[in-house]
Amino acid sequence: MKPVTRLFFVLLLIQTVSFAQVRLGITGGGQLVNQAYTFDGQPMSGKGILGYHGGFMLDAIVADNISFRPQLLYSVKGSKLPDLGIGQLLGDLGGLTGFGSLDASVKSIMTYIEMPLQLVYSLDAGPGWINLGAGPYVAYGLSGKTVSSLAGQNETTPIDFGSGEDQAKRLDYGLRVSVGYELPSGLVLTGFYSPGLSNLTHTADQKVKNTAFGLSLGFLFGGE
């Protein structure tokens, strides 16, 4: 993220907190994560894996029924890479039979510090409120690895971050939309969809983008 953009978000947060009624809270939950791939112009989709997220949130009322709700999360993303026929390829190369049924897979796992920045609109519903949220997210890669599995044997390889063609970009960004229900006590249950917009690779003919569907349970201190 450019320094000017970082400064804008910091100033926005400071100004919002200064003039708003603020509550702090905690949140966490599970997410079905995946990655969309493009190789040589051909789109592919990986298979979803289970990840998780957890951290802190802030709720600042900025207008009637509208609040600014940023979060600071530790988030695990990744996917099971598309089936490239590894078992069948081994059979073809070796002239052997039976390799097409080998259990062969490659899984990518990446961890991030993630900050969703959402505006939330609240509607009265029963004893609490329905929360409708939308906004961007930015994330910074902490670590990554690929886990290759062939016939029950696993091999783990670190994912390096940097500017080389064989390295991944640390910065990820995208959108986040959510719907949830909040009780007067401060308990919040939220479902969200988070499509990534950033290409995580430096290679011109390749694209990798994160996506996530998740469910989180949170608590905002200072409820009734």
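Which residues are linked in a network of salt bridges? In this predicted model, the network joins R23, D59, R69 and E182.

**The network of salt bridges**

- Side chains of opposite charge can pair when their charged atoms come close.
- The count of salt bridges in the model comes to five.
- One of these salt bridges is formed by the side chains of R23 and D59, with a distance of 3.4 Å from N to O. Because R23 belongs to strand 1 and D59 to strand 3, this pair ties together parts that are 36 residues apart in sequence.
- D59 also meets R69 in a salt bridge, at 2.7 Å from N to O. This pair ties together parts that are ten residues apart in sequence, because D59 lies in strand 3 and R69 in strand 4.
- R69 in turn forms a salt bridge with E182, where the closest N and O atoms are 3.2 Å apart. R69 is in strand 4 and E182 is in strand 8 (residues 171-182), so the pair ties together parts that are 113 residues apart in sequence.

- Are the residues of the pair D59 and R69 buried or exposed? Both D59 and R69 are buried.
- D59 has a relative accessible area of 2%, and the value for R69 is 6%.

**The largest pocket**

- Rolling a probe the size of a water molecule over the atoms shows where empty space is left.
- The largest pocket has a volume of about 510 Å³. It is lined by 20 residues, and those closest to its centre are T146, I159, A168, T201 and V208.
- Four strands each supply at least two residues of this lining: strand 1 (21-39), strand 5 (104-125), strand 7 (153-158) and strand 10 (206-220).
- Which strand gives the most to the lining of the largest pocket? Strand 1 does, with three residues.
- By residue type, the lining of the largest pocket consists of nine nonpolar, eight polar and three charged residues.

**The second largest pocket**

- The second largest pocket has a volume of about 350 Å³.
- Among the 20 residues that line this pocket, R23, I61, S122, W129 and E182 lie nearest its centre.
- Strand 1, strand 3 (49-63), strand 4 (66-80), strand 5 and strand 6 (128-150) each contribute at least two residues to the lining of the second largest pocket.
- The lining of the second largest pocket divides into seven nonpolar, seven polar and six charged residues.

**The nonpolar patch on the surface**

- I26, Y52, F56, L72, Y74, I113, Y140, L142 and F221 form a nonpolar patch on the surface. Together these residues have about 880 Å² of accessible area.
- Strand 3, strand 4 and strand 6 each supply at least two residues of the nonpolar patch.
- Y140, one of the residues of the patch, is found in strand 6. Y140 is partly exposed, with a relative accessible area of 46%.

Terms used. Residues numbered from 1 in each chain as written. Predicted model: local features only at pLDDT ≥ 70, side-chain atom pairs only at ≥ 80, totals over all residues. Heavy atoms only, no water. 1 Å grid on protein atoms, 1.4 Å probe; cavity = no way out; pocket = protein on both sides within 12 Å on 5 of 7 lines; lining within 4 Å. Points joined across faces, edges and corners; volume = space filled by probe spheres on them. Nonpolar A, V, L, I, M, F, W, Y, C, P; charged D, E, K, R; others polar. Patch = residues over 30% accessible without salt bridge, like charges linked within 9 Å, V, L, I, M, F, W, Y side chains within 5 Å. Areas by Shrake-Rupley, 256 points an atom, 1.4 Å probe, with all protein chains shown as cover. Salt bridge = Lys/Arg side-chain N within 4 Å of Asp/Glu carboxyl O. Buried < 20%, exposed > 50% of the residue type's maximum accessible area, 1.4 Å probe, protein only.
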